[in-house]
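Keep the selection tool at hand, and follow the stops below in order.

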Amino acid sequence: MTAKHIVLIEDDREISTTLQAVLNNAGYRVTACNNGIDGQKAITNENPDLVVTDMMMPRMGGFPVLEFLKTLDNPPKVIMVTANEGGRHKAYAEMLGVAAYLRKPFAMDLFLDTIASVLEDVEPSPPIKRRTKKS
């Protein structure tokens, strides 16, 4: 089984380094980007299983990344992380399709649990049609 690939888009170097270490130690393959422009390139080139993006970043923030993902045929799932307390921002992120929204600071076990649950949330398979004996 290959490791799930996560694109991490976070401009704060300390937070990015910490999250990369936690994800790597948990067995994920991580590509780190420090802005949305580089994040979009990584998503396009690497087709990750999951994107974890900050909301507020220089050059390009998380919302344009979410808008970009909506244009893809098969976009990866997204978790948005932010220190922003605004309810309108969360609602907009959810409207754009985020699978989860975490407010900083958050516990690393919550972060890993959220990632695991988002990655496990696959489309349910259609019911199996059973063959019946004709009498």
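**Stop 1: the whole chain**

Start with everything shown. This is a predicted model. Colour by secondary structure: there are five helices and five strands. The elements run β-α-β-α-β-α-β-α-β-α. Of the 135 residues, 41% count as buried. Among contacts between residues at least 6 apart in sequence, 63% join residues at least 24 apart.

**Stop 2: the largest core**

Select Ile9, Ile43, Leu66 and Met80 and show their side chains. These residues have the most contacts inside the largest nonpolar core, which has 20 residues. Next, colour four elements: strand S1 (5-9), helix H2 (36-46), helix H3 (62-69) and strand S4 (77-82). Each of them supplies at least two residues of this core. Which element gives the most to it? H3 does, with five residues. In soluble globular proteins, nonpolar side chains tend to be buried together.

Stay with Met80 and list its neighbours. Leaving out residues up to four places away in sequence, Met80 touches Thr53, Asp54, Met55, Gly62, Phe63, Leu66, Ala93, Val98, Ala100, Tyr101 and Leu102. Now move to another core, which lies apart from the largest one and has 18 residues. Select some of its members, including Ile6, Phe106, Ile115 and Leu119.

**Stop 3: H2 against H3**

Hide the side chains and show H2 with H3. Two packed helices are described by the angle between their axes and the distance between the axes. Here the angle is about 25°, and the axes are 9 Å apart. Angles under 35 degrees count as roughly parallel, so H2 and H3 are roughly parallel to each other. Their crossing is right-handed. Bring back the side chains at the contact. H2 contributes Gly36, Gln40, Ile43 and Thr44, and H3 contributes Pro64, Val65, Phe68 and Leu69.

**Stop 4: H3 against H4**

Which way does the crossing go, left-handed or right-handed? H3 passes H4 in a left-handed crossing. To see the contact, select Phe63, Leu66 and Glu67 of H3 with His89, Tyr92 and Ala93 of H4. Leu66 is a residue from Stop 2, among those with the most contacts inside the largest core.

**Stop 5: a pair of rings**

The count of aromatic pairs comes to two. For one of them, select Phe106 and Phe111. Their ring centres are 5.3 Å apart and their planes lie at 25°, so the pair is stacked. Are these residues buried or exposed? Buried means under 20% relative accessible area. Phe106 has 14% relative accessibility and therefore counts as buried. Phe111 has a relative accessible area of 0%, so Phe111 is buried too.

**Stop 6: Ile15**

Finish at Ile15, in helix H1 (residues 13-25). Ile15 has a relative accessible area of 28% and is partly exposed. Find its contacts, leaving out residues up to four places away in sequence: Ile15 touches Glu10 and Lys104. Then draw a line from the C-alpha atom of Ile15 to that of Pro105. These atoms are separated by 9.9 Å, while the residues are 90 apart along the chain.

How values were computed: Residues are numbered from 1 along each chain as its sequence is written. This is a predicted model: local features need pLDDT of at least 70, side-chain atom pairs count only at pLDDT 80 or more; totals for chains, interfaces and linings use all residues. Side-chain values use heavy atoms; hydrogens and water are left out. A nonpolar core is a set of buried Ala, Val, Leu, Ile, Met, Phe, Trp, Tyr and Cys residues joined through side-chain atoms within 4.5 Å. Buried means under 20% relative accessible area, exposed over 50%, partly exposed in between (1.4 Å probe, protein chains only). Contact means heavy atoms within 4.5 Å. Rings of Phe, Tyr and Trp (its six-membered ring) pair if their centres lie within 6.5 Å; planes under 30 degrees apart count as stacked, over 60 as edge-to-face and the rest as tilted. Axes are lines fitted to C-alpha atoms, for helices over the stretch in contact, and angles run from 0 to 180 degrees between N-to-C directions. Angles under 35 degrees count as roughly parallel, over 145 as roughly antiparallel, 65 to 115 as roughly perpendicular and the rest as oblique. A crossing is left-handed if the near helix is turned anticlockwise from the far one by less than a right angle, and right-handed if clockwise.
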